Structure formats: structure tokens, C-alpha cells
Amino acid sequence: MSTPISYQLAFGTYEDALRMVGVPSEPRTAGTVVSAARIQMFAATVQDGNPSYWDPDFARQTWGGLVAPPGLLMGWLTPLPWEPSGRPPVSAIAIRVPLPGTTFINAANEAEFPLPIVEGDRLTVVEEVVSVSPEKQTKLGVGHFIETMDTFTRQDGAVVATNRNTLFRFTPAGSS
Amino acid sequence: MISWDEISVPRELPEVIDEITYQRVVMNSGSTWDYFPGHFDPAYAESQGHPAIFVNTMHLAGFADRIATDWAGPSSRVVRRKMRLTGSIYAGDTMVGRGRVVAKHCDTTVDPPRRLLDLQIEVVNQRGELCCPVELTLQLPG
């Protein structure tokens with residue numbers, strides 16, 4: 001028995017999905033601030049010894065604090081897989097789009113970082129579905145490509161990052 | 001530290017090789033809080049037609065960023081990164097990153113102007129299959 005997907009995965013038709021296009025989400029604010037512990041856990045994962053992530057003195061002088069690795073951007077607003085309410089955590093808008101596909105995989109991503117994100121920042125994201133493709137057949141299976149645009153602000157309202165992502169929501173070939 | 005004034009383009013970056021063990025893939029879920037089961041559960045991954053668990057987009061982004069800033073120095077900063085996920089990097093694979101500088105420009109629409117380098121990075125696996133082509137823009141100090 002394999003692990004089920006713990007996030008809220010919405011099911012529906014292509015027409016249901018299209019109704020979400022162009023409607024910005026309610027803002028979601030991270031439950032915790034950007035922390036040295038998460039910065040360094042990610043830097044260790046990708047084995048990046050950049051002192052901007054590890055050396056508090058260098059980072060303070062250069063950036064105003066330990067820097068959030070740009071690669072971890074989406075992680076700051078990814079919920080933990082369990083929350084005290086017991087309800088499935090609310091995750092990225094792309095997997096809340098109602099469609100038939102039973103699983104998903106990421107296809108493309110484009111991020112911009114107008115300002116460095118540093119330790120202590122509390123991030124808020126507003127997400128929007130930009131487009132949902134008609135049904136496509138790929139080598140993985142049949143599904144839809146969902147393009148989303150996220151805008152990340154910090155506690156003073158400044159935009160620190162934007163994130164354009166394309167996710168493929170599909171049912172694997174060969175499964176019923 | 002790379003000097004923006006002195007660099008000529010195109011320029012090749014050193015190749016970076018990284019062996020992705022099961023531990024690294026598990027660390028990937030732990031650090032990004034991305035618990036999609038394809039990233040930690042071999043039975044789920046296999047049920048979706050994958051040979052093993054695989055790293056997520058953030059891991060590949062972090063690898064590309066590491067290649068860029070290790071080369072340019074810690075006072076450089078990634079200001080843009082565009083990537084396509086054309087293949088997965090599985091536990092047991094080796095990631096190879098090959099980067100090059102393809103353009104150098106100064107953004108004068110902001111004050112002070114930003115000194116920028118455009119890089120192209122290809123992440124391939126141990127069989128040479130292109131898994132993730134990346135376009136990345138670095139801002140250099142000064």
C-alpha cells in the first residue's frame with residue numbers, strides 16, 4: 001500500500017477548472033518566518049556552501065541577514081503534511097484546480113527575485129491560475145497543463161518574488 | 001569573485017557533478033516540506049511508472065543556483081531562473097550540471113543600474129539525458 005497524496009486534491013471537469021482561471025486567491029501567509037534552520041537544511045540538501053546561507057556575519061554585511069536560497073521559494077508557502085485541525089492542508093493553487101487527473105508532476109517554472117529574502121521575513125503569497133490547457137496526451141498519460149502565477153510579498157508589502165509555474169495534472173497511462 | 005567588467009562572453013563554467021542518494025531525496029522532502037509521495041515513497045513512485053523516488057523542482061533549482069553562485073561568488077545573486085522539467089532525477093542517479101555565460105548586460109532602468117549575466121545551464125543524468133534546461137540571470141555587485 002503506497003502513501004496517498006496528503007494535500008487537498010480537487011476533482012472535477014475541465015469546465016470546472018476553467019472557472020478558476022484569472023481569479024486571484026485569498027492571500028496565504030506562511031505560518032513561520034524565514035529561519036536559519038530551514039535555510040541550512042535546504043542548503044545541505046543541495047550541498048551549497050554559499051556563506052550567504054551559512055555565515056551570519058558575511059550574510060548580515062552583504063544582505064542584511066542569512067539569505068533564503070532562491071530555489072526554496074515555493075517551500076516557504078508549502079504547508080506541512082499534517083496540521084492540528086486534522087484536515088488536509090491547503091496547498092498551492094495548482095493542485096486545488098478541479099480536474100480528473102489522479103496525480104501531477106511539474107513541467108516548467110520561471111521565478112524572479114526583485115529583492116533578497118532574508119532570515120526573519122514573513123512571506124505572503126497571492127496565487128492565480130493563468131491558464132488550463134485542453135486535454136493532452138503525453139508519454140506519462142492523459143491530462144491538463146495548469147499555468148499559475150504566484151506573487152510573494154514580505155511583511156512590509158514589498159514584492160520579493162514572482163513565480164510562474166506549469167504543472168501537468170494527469171492520470172497515468174495504463175491505470176484505470 | 002568574478003568581475004563583471006572583466007568577463008568576456010561566451011564563457012564555460014566548470015562542470016558540477018552531484019550523486020543523488022536516497023538520503024538526498026529524503027532530505028529534499030524534509031527541507032522543502034514537499035511531501036508529494038513520489039518524492040519519498042518508492043511504492044507510490046513505481047505505481048506512477050517511475051523507477052524510483054525523484055527530487056522535486058526546488059532541488060533542481062537549488063542545484064542550478066549553486067552552480068551559478070559557486071562560480072560567480074557569494075556576493076552575486078540569482079534574480080531570474082527559468083527551467084523546464086524534461087526528465088526526472090531519481091535516487092541513485094548522478095546529476096551533471098554544465099553552465100555557460102551567454103550574455104552580459106547592464107539594466108539601467110533601475111537606480112543604481114544592475115550588472116547582469118545571463119547563463120544557460122543544462123542538468124543531465126549519468127546517461128547524458130537532458131533532464132532540466134535552465135536559463136538563469138545573475139546580478140553581480142557594483
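## Close-up views of a two-chain predicted model

**Figure 1. Helix α2(A) packs against helix α1(B).** In this predicted model, α2(A) and α1(B), the latter covering residues 22-32 of chain B, pack at an angle of about 155° with their axes 9 Å apart. That makes α2(A) roughly antiparallel to α1(B), because angles over 145 degrees count as roughly antiparallel, under 35 as roughly parallel, 65 to 115 as roughly perpendicular and the rest as oblique. Axes are lines fitted to C-alpha atoms, for helices over the stretch in contact, and angles run from 0 to 180 degrees between N-to-C directions. The crossing of α2(A) and α1(B) is left-handed (the near helix is turned anticlockwise from the far one by less than a right angle; clockwise would be right-handed). From α2(A), the residues R38(A), M41(A), F42(A), A44(A) and T45(A) meet R24(B), M27(B), N28(B), G30(B), S31(B) and T32(B) of α1(B). Sorted by class, this helix contact has four nonpolar, five polar and two charged residues. Here Ala, Val, Leu, Ile, Met, Phe, Trp, Tyr, Cys and Pro count as nonpolar, Asp, Glu, Lys and Arg as charged, and the others, Gly among them, as polar. Helices (H or I, at least four residues) and strands (E, at least two) are DSSP runs, numbered from the N terminus.

Residues are numbered from 1 along each chain as its sequence is written, and chains are lettered from A and ligands numbered from 1 in the order in which they are written. As the model is predicted, local features need pLDDT of at least 70 and side-chain atom pairs count only at pLDDT 80 or more, while totals for chains, interfaces and linings use all residues.

**Figure 2. The contact between chain A and chain B.** Chain B gives 38 residues and chain A gives 38 residues. Two residues are in contact if their C-beta atoms, placed from the backbone, lie within 7 Å. On the side of chain B that touches chain A, α1, α2, α3 and β3 of chain B give two or more residues each. The largest share of that side, nine residues, comes from α3(B). By class, the side of chain B that touches chain A has 15 nonpolar, twelve polar and eleven charged residues.

**Figure 3. The largest nonpolar core.** This core has 56 residues. L60(B), A64(B), A68(B), V123(B), L136(B) and L138(B) have the most contacts inside it. A nonpolar core is a set of buried Ala, Val, Leu, Ile, Met, Phe, Trp, Tyr and Cys residues joined through C-beta atoms within 7 Å. A residue is buried if 20 or more other C-beta atoms, placed from the backbone, lie within 10 Å of its own, exposed if 12 or fewer, and partly exposed in between. Chain A supplies at least two residues from each of α2 (36-45) and β6 (159-172). The largest share, eight residues, comes from α3(B). Leaving out residues up to four places away in sequence, A64(B) touches R81(B), M83(B), G97(B), I121(B), V123(B), V134(B) and L136(B). A second, separate core has 17 residues, including A17(A), M20(A), L99(A) and I105(A).

**Figure 4. Two cis peptide bonds in chain B.** The bond from V9(B) to P10(B) is cis, with omega near -5°. P10(B) sits in the segment before β1 (11-12) of chain B. The bond from D111(B) to P112(B) is also cis, with omega near 0°. The loop between β4 and β5 of chain B holds P112(B).

**Figure 5. Loop residues with positive phi.** Q47(A) is not a glycine, yet its phi is positive, about 55°. Q47(A) lies in the loop between α2 and α3 of chain A. Q47(A) is partly exposed, with 14 other C-beta atoms within 10 Å. W33(B), not a glycine either, has a positive phi of about 65°. W33(B) lies in the loop between α1 and α2 of chain B. W33(B) is buried, with 20 other C-beta atoms within 10 Å.

**Figure 6. D55(A) and its loop.** D55(A) lies in the loop between α3 (51-54) and α4 (56-63) of chain A. D55(A) is partly exposed, with 15 other C-beta atoms within 10 Å. The C-alpha atoms of D55(A) and G65(A), ten residues apart along the chain, are separated by 9.3 Å.
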